[in-house]
Amino acid sequence: QVQLVESGGGLVQAGGSLRLSCVASGNIVSNNDMGWYRQAPGQQREHVADITRGGTTNYAFPVKGRFTISRDNAKNTMYLQLNSLKPEDTAVYYCYVLGTWGGPYWGQGTQVTVSS
């Protein structure tokens, strides 16, 4: 019932940029808290950023000032703009939705690889 489809990952050089997208079913984006986690091989999944239904944003310290989370309610899409990328940002990035009705529900993930 809850569907999250991610895209936008790829291979970039250090200092480059990517824009990740997460297209959700229904009115998920406008009505629920959403965000992004990432996971590198051999490491735990870590929080990256989130945005509440009211529009409040929160960022993990390692990405603060470089990443920007946003949403387009009309397109039912959440975005993560990744700027000034570092090799340490290499990971699979997952979008999620967390509502009072259930969750978290996860997308399939999109690979971000940053070369030096």
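**Entry 1: charged pairs**

I looked up Arg38 and found it buried, because its relative accessibility is 6% and the cut-off for buried is under 20%. I noted that the model is a predicted one.

I then listed the salt bridges, and the structure holds 3. Side chains of opposite charge can pair when their charged atoms come close.

I took Arg38 and Glu46 to begin with: they form a salt bridge, with 2.6 Å between the closest N and O atoms. Glu46 is partly exposed, at a relative accessible area of 32%.

Arg38 also meets Asp89 in a salt bridge, at 3.0 Å from N to O. Asp89 sits in the loop between strand 8 (77-82) and strand 9 (91-99), while Arg38 is in strand 4 (residues 33-39), so this pair ties together parts 51 residues apart in sequence.

I checked Asp89 for a further partner and found Arg66, with the closest N and O atoms 2.8 Å apart. Arg66 lies in the loop between strand 6 (57-59) and strand 7, 23 residues from Asp89. Asp89 is buried at 1% relative accessible area, and Arg66 is buried at 10%. Through shared partners, the salt bridges join Arg38, Glu46, Arg66 and Asp89 into one network.

I traced an open sheet of 4 strands, in the order 1-3-8-7 with antiparallel pairing. Strand 1 (4-7) and strand 7 (67-72) are at the edges with a single partner strand each, so one side of each has no neighbour in the sheet. Strand 1 pairs with strand 3 (residues 18-24) over 4 bridges, and Glu6 stands opposite Cys22 in strand 3.

How values were computed: Residues are numbered from 1 along each chain as its sequence is written. This is a predicted model: local features need pLDDT of at least 70, side-chain atom pairs count only at pLDDT 80 or more; totals for chains, interfaces and linings use all residues. Side-chain values use heavy atoms; hydrogens and water are left out. Two strands pair if DSSP finds at least two bridges between them. Helices (H or I, at least four residues) and strands (E, at least two) are DSSP runs, numbered from the N terminus. A salt bridge is a side-chain nitrogen of Lys or Arg within 4 Å of a carboxyl oxygen of Asp or Glu. Buried means under 20% relative accessible area, exposed over 50%, partly exposed in between (1.4 Å probe, protein chains only).
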